[in-house]
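Hi,

Here is the structure I promised to pass on.

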Amino acid sequence: MIYHLSLQTAGIIAGIFLVLISLPGLMKPNLLQDLARRLPRSRVAGVTLLTASLAWSFWLLATMEMGEFSSFRRPLLIGLPVGYFLVLRFVDEFLAVRALGILCLLAAEPLLDAAFFRYETARLVLTAFAYLLVVAGLFWVTMPYLLRDQIAWSTRTNTRWRCVHGLALFYGGAILGLAITLY
């Protein structure tokens, strides 16, 4: 275990995250639709998200047990910032989407780690969210135009926008409720 989160803590964090992401979309749909449309090509968002990914990856690499691969730790710790600056220099297209995909992949691991070897059936709600993050992260890193298309689809009408955010609010509330009562 790297993160040492209990299933309850992981559920509370994931539930609060989903609720906090979905509530502004329900309250101020027009403002957030415009921000969402600009996100995929936003350089500032890309640099911010990629910096957060670098910090998380650097911390993870510096603190995790690598077993027989421990000799690779130093070269990887040197190569990570080098790769970060190379990506900033040469990747202009959809940098924010790719960085968001990396963050989704990093965020899934603590959720899966918390649910590992737990036997409650309710853990599957959190596990499903983690695998949804993995699938979304893989697609957004390799085919970043898909997030742009997903945003365009969901912002086409206010009804779609509210349905997407309502589902996220419901799912976040369900995870939060399960974390408080069952985990």
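S42 caps the N-terminal end of α3, with a side-chain oxygen 3.2 Å from the backbone nitrogen of A45. That counts as a polar contact, meaning a pair of N or O atoms within 3.5 Å; within protein, one must be able to donate a hydrogen and the other to accept it, and residues adjacent in sequence count only if both atoms are side-chain atoms.

Before the rest, the ground rules. This is a predicted model, in which local features need pLDDT of at least 70 and side-chain atom pairs count only at pLDDT 80 or more, while totals for chains, interfaces and linings use all residues. Residues are numbered from 1 along each chain as its sequence is written, and side-chain values use heavy atoms, with hydrogens and water left out.

Back to α3, which covers residues 43-63. Helices here are DSSP runs (H or I, at least four residues), numbered from the N terminus. The 21 residues of α3 should span 30 Å at 1.5 Å a residue, and its end C-alpha atoms are 30 Å apart, which agrees. The expected span is 1.5 Å times one less than the number of residues.

Which residues of α3 are buried? They are A45, G46, L49, L50, S53, L54, S57, L60 and L61. Seen down the axis of α3, these fall within an arc of 165°, so they line one face of the helix. The arc is taken from the directions from the helix axis to the C-beta atoms. Buried means under 20% relative accessible area, exposed over 50%, and partly exposed in between (1.4 Å probe, protein chains only). V44 and T48, on the other side of α3, are exposed.

The buried residues of α3 pack against α4 (73-90) and α5 (95-115). Looking from α4, its buried residues are R73, Y84 and L88, and what covers them includes α3 and α5. The 18 residues of α4 should span 26 Å at 1.5 Å a residue; the end C-alpha atoms are 25 Å apart, which agrees.

R43 sits in helix α3 and is partly exposed, at 38% relative accessible area. Leaving aside neighbours within four places in sequence, R43 is in contact (heavy atoms within 4.5 Å) with L88, V91, D92 and L95. Its side chain reaches the backbone oxygen of L88 at 2.7 Å.

D92 lies in the loop between α4 and α5 and R43 in helix α3, so the pair ties together parts that are 49 residues apart in sequence. D92 counts as exposed at 55% relative accessibility.

How many salt bridges does a search of the whole structure find? Five, taking a salt bridge as a side-chain nitrogen of Lys or Arg within 4 Å of a carboxyl oxygen of Asp or Glu. Another one joins E93 and R41, whose closest N and O atoms are 2.7 Å apart. This pair links distant parts of the chain: E93 is in the loop between α4 and α5, R41 in the loop between α2 and α3, 52 residues apart. E93 is partly exposed at 45%, and R41 is exposed at 52%.

R38 and D34 form a salt bridge too, with closest N and O atoms 3.1 Å apart. Both lie in helix α2 (residues 29-38), four residues apart, about one turn of the helix. R38 is partly exposed at 48%, as is D34 at 36%.

**The cores**

A nonpolar core here is a set of buried Ala, Val, Leu, Ile, Met, Phe, Trp, Tyr and Cys residues joined through side-chain atoms within 4.5 Å. The largest has 26 residues, of which L111, L126, F129 and Y183 touch the most other members. At least two residues of this core come from each of α1 (7-27), α5, α6, α7 (145-154) and α8 (158-181). Not counting residues up to four places away in sequence, L126 touches L7, A10, G11, A14, L111, I175 and Y183. Apart from this core lies another, of eight residues, among them L49, L88, L95 and A99.

Finally, T127 is in helix α6 (residues 123-142) and counts as buried at 14% relative accessibility. Beyond neighbours within four places in sequence, T127 is in contact with L112 and A115.

Cheers
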